[in-house]
Amino acid sequence: MNSMAIIIGSCTDITHRQVNYIRNNMISLVNSTIGHFKIQLFYLTGNNFTLINKKDFILSLKEYSVLVLSGGETAYTVLDNADFGYLESGPHILPLISTGTIYGGILDGKKYIIKGGSIGDESIYKKIIEYADINMR
């Protein structure tokens, strides 16, 4: 089974609604299986980046086949702490929601989905998971 880490660092009102939608309709607080993915949610409330600045956390991301990074600062911090080289872009799911592959560093070869923090309606993560289930397994 494939695995997906959803790492959300944005703390806007829409982000809170999106996370509430995920928790109430899709993903338990620990982890869940949806389609072909085992999914783990990491919600960095209040822009607490302590977790994603720890090398142990970055190393733990190697076990996931797809990383969903929400928020520009979140994506940059995770990728920078993983010492990535570059991102190879793939299709866009929607405007400001890109996919591709990470090259270089700890997360070399991992598939990614990067979403702007305030992008999308409450069900945007459902759309992202459905896209990944069809196109990224």
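Buried means under 20% relative accessible area, exposed means over 50%, and partly exposed is in between (1.4 Å probe, protein chains only). Helices (H or I, at least four residues) and strands (E, at least two) are DSSP runs, numbered from the N terminus. Keep in mind that this is a predicted model, where local features need pLDDT of at least 70 and side-chain atom pairs count only at pLDDT 80 or more, while totals for chains, interfaces and linings use all residues. Residues are numbered from 1 along each chain as its sequence is written, and side-chain values use heavy atoms, with hydrogens and water left out.

- pLDDT is the predictor's confidence in each residue, from 0 to 100.
- The chain averages 90 on that scale, and 93% of the residues score at least 70.
- Confidence is lowest in strand β2 (residues 32-34), with a mean of 67, and highest in strand β6 (residues 97-103), at 98.
- Where pLDDT is low, the predicted coordinates should not be read in detail.

**More on helix α4**

- The expected span of a helix is 1.5 Å times one less than its number of residues.
- For the twelve residues of α4 that gives 16 Å, and the end C-alpha atoms are 16 Å apart, which agrees.
- Asn 135 belongs to this helix, which covers residues 124-135.
- At 47% relative accessibility, Asn 135 is partly exposed.
- Asn 135 and Lys 110 are 25 residues apart in sequence, and their C-alpha atoms are 14 Å apart in space.

**Salt bridges**

- A salt bridge here is a side-chain nitrogen of Lys or Arg within 4 Å of a carboxyl oxygen of Asp or Glu.
- The structure has four salt bridges.
- One of them joins the side chains of Arg 17 and Glu 122, at 3.6 Å from N to O.
- Arg 17 sits in helix α1 (residues 13-25) and Glu 122 in the loop between β7 (111-115) and α4, so this pair ties together parts that are 105 residues apart in sequence.
- Both partners are partly exposed: Arg 17 has a relative accessible area of 39%, and Glu 122 has 37%.
- Asp 83 and Lys 55 also meet in a salt bridge, at 3.5 Å from N to O.
- Asp 83 is in the loop between α3 and β5 (86-94) and Lys 55 is in helix α2 (residues 55-60), so the pair links parts that are 28 residues apart in sequence.
- Lys 55 is partly exposed at 40%.
- Lys 127 pairs with Asp 121 at 3.2 Å, N to O.
- Lys 127 is partly exposed at 36%, and Asp 121 is partly exposed at 38%.

**Two residues with positive phi**

- Most residues other than glycine have a negative phi.
- Asp 83, from the salt bridge with Lys 55, has a positive phi, near 55°.
- Asp 83 is exposed, with a relative accessible area of 52%.
- Leu 96 has a positive phi too, near 65°.
- Leu 96 lies in the loop between β5 and β6 and is exposed, at 59% relative accessibility.

**A buried threonine**

- Thr 74 is part of helix α3 (residues 72-81) and is buried, with a relative accessible area of 1%.
- Leaving out residues up to four places away in sequence, Thr 74 touches Ile 7, Ile 8, Gly 9, Ser 10, Leu 44, Phe 49 and Ile 52.
- Contact means heavy atoms within 4.5 Å.
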